Amino acid sequence: MDGQTNSTGLFSELEIGNEDQLIDELGIYDRWGKKVFSQENFVPSDQSSAWDGTYDGRRIEKGVYIYQFSYVDASRKKEIITGDITLF
């Protein structure tokens with residue numbers, strides 16, 4: 001990602017389907033495992049659900065963050081995807 005972190009960019013990079021795919025849960029964690037963002041039951045195209053790179057109203061530090069999200073695929077199987085993003 002290019003440092004402009006938002007949920008739409010994250011999901012389009014992973015190609016989970018279309019922008020109307022319902023995401024059950026998204027968590028973003030710092031390197032110590034502290035959850036810095038959480039969102040449930042949203043579609044990636046909903047910009048009001050996007051993470052703006054802040055925690056407690058302040059811009060978070062540059063670095064690597066872990067994400068985990070879940071959704072139900074077309075065959076009704078729950079998928080859990082994890083990975084990392086770098087903010088710079």
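Q: Which residues line the largest pocket?
A: Asp30, Arg31, Trp32, Lys34, Val36, Tyr55, Ile60, Glu61, Lys62, Gly63, Val64 and Tyr65 line the largest pocket. The model is predicted: local features need pLDDT of at least 70, side-chain atom pairs count only at pLDDT 80 or more, and totals for chains, interfaces and linings use all residues. Numbering starts from 1 along each chain as its sequence is written, and side-chain values use heavy atoms, without hydrogens or water.

Q: What makes a residue a lining residue of a pocket?
A: A lining residue has an atom within 4 Å of a point of the pocket. The pocket itself is an open set of points on a 1 Å grid over the protein atoms alone, where a 1.4 Å probe fits, with protein on both sides within 12 Å along at least five of seven lines. The largest pocket has a volume of about 250 Å³, taken as the space filled by probe spheres set on the points.

Q: Which strand gives the most to the lining of the largest pocket?
A: Strand S5 (residues 63-72), with three residues. A strand here is a DSSP run of E, at least two residues long.

Q: Why is Leu22 called partly exposed?
A: Buried means under 20% relative accessible area, exposed over 50%, and partly exposed in between (1.4 Å probe, protein chains only). Leu22 has 40% relative accessibility, so Leu22 counts as partly exposed. Leu22 sits in the loop between helix H1 (7-14) and strand S1 (23-29); a helix is a DSSP run of H or I, at least four residues.

Q: Why is Gln39 called partly exposed?
A: The relative accessible area of Gln39 is 23%, so Gln39 is partly exposed. Gln39 belongs to strand S2 (residues 35-42).

Q: How many aromatic pairs are there, and why is the pair of Phe37 and Trp51 called tilted?
A: The count is four aromatic pairs. Rings of Phe, Tyr and Trp (its six-membered ring) pair if their centres lie within 6.5 Å; planes under 30 degrees apart are stacked, over 60 edge-to-face, the rest tilted. Phe37 and Trp51 have ring centres 6.1 Å apart and planes at 35°, so the pair is tilted.

Q: Why is Trp51 called buried?
A: The relative accessible area of Trp51 is 2%, so Trp51 is buried. Phe37 is buried too, at 13%.

Q: What makes the pair of Tyr67 and Phe69 stacked?
A: The planes of Tyr67 and Phe69 are 25° apart, with 6.2 Å centre to centre. That pair is therefore stacked.
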